Amino acid sequence: MASAKRRRCDIESGHGGRVFNPSWTTDYFVHEQIISIRCLICLEKIAVCKKYNVNRHYTTKHAVSYDKFKGQFRIDKIELLKKTFLAQQSVMKTKVISFYSATKISFLMAEAIAKSGKPFCTGDLLKNCLKIFCKEICPKKTLTVEDLSL
Ligand SMILES: [Zn+2]
């Protein structure tokens, strides 16, 4: 019975059927994400979108240190934490995409070597050639080439 009710709430929206209140950002230092709420201070995920849960997280973990921030100073602090969080997310996404590309390129090149009937030791030669090529044409991609495993 309880699991059926929970499942129905999860289907209604990403926050368990509840709506994120934008004033919680100022009151409790939280940021709305697609399927959850993230604390901007400790980056912990708050799964249930209820004022009680958000308030409890802030009160038990951060109120002592962050209640001193009032008015514009509080808003500035939130903006700073939000910028830091979004920058970290951007770096992680870029790294994951770069790693995915390196893996995909590794497989494609290994397949090309296998189809040519050449020994796999030519992979090192190809990798060195790619490094030289990237150093001249696109220096930003040199790190991706170094991630290749051939
Ligand atoms: Zn927190």
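How far apart should the ends of helix 5 be, given its 46 residues, and what distance do its end C-alpha atoms show? I would like to start there, keeping in mind throughout that this is a predicted model. Helix 5 runs over residues 71-116, and at 1.5 Å a residue it should span 68 Å.

As an example, take Tyr100, which has its place in helix 5 and has 10 C-beta neighbours inside 10 Å. A residue with 12 or fewer such neighbours is exposed, and Tyr100 therefore counts as exposed. I would also point out that Tyr100 and Thr144, which are 44 residues apart in sequence, are 9.7 Å apart in space, taken from C-alpha to C-alpha. At the end of the helix comes Gly117, which follows helix 5 and has a positive phi, near 80 degrees.

Next, the packing of two helices. In general, such a pair is described by the angle between the axes and the distance between the axes. For helix 5 and helix 6, the latter covering residues 122-137, the angle is about 130 degrees and the axes are 11 Å apart. That angle makes helix 5 oblique to helix 6, and the crossing in which helix 5 passes helix 6 is right-handed. On the side of helix 5 the contact is made by Met109, Ala110 and Ile113, while helix 6 contributes Thr122, Gly123 and Leu126. Sorted by class, this contact of helix 5 with helix 6 has 4 nonpolar and 2 polar residues, and no charged ones.

Phe29 lies in the loop between helix 2 (23-28) and strand 1 (30-32), and although Phe29 is not a glycine, its phi is positive, about 60 degrees. Is Phe29 buried or exposed? With 23 C-beta neighbours inside 10 Å, Phe29 counts as buried, because the cut-off for a buried residue is 20 or more. Leu43, in turn, has its place in the loop between strand 2 (37-39) and strand 3 (45-46), and Leu43 too is a residue other than glycine with a positive phi, here near 65 degrees. Leu43 has 13 C-beta neighbours inside 10 Å, and so counts as partly exposed.

Terms used. Residues numbered from 1 in each chain as written. Predicted model: local features only at pLDDT ≥ 70, side-chain atom pairs only at ≥ 80, totals over all residues. Helix = DSSP H or I, 4+ residues; strand = E, 2+ residues; numbered from the N terminus. Expected span 1.5 Å × (residues − 1). Axes fitted to C-alpha atoms, helices over the stretch in contact; angles between N-to-C directions. Parallel < 35°, antiparallel > 145°, perpendicular 65-115°, else oblique. Left-handed = near helix turned anticlockwise from the far one by under 90°. Contact = placed C-beta atoms within 7 Å. Nonpolar A, V, L, I, M, F, W, Y, C, P; charged D, E, K, R; others polar.
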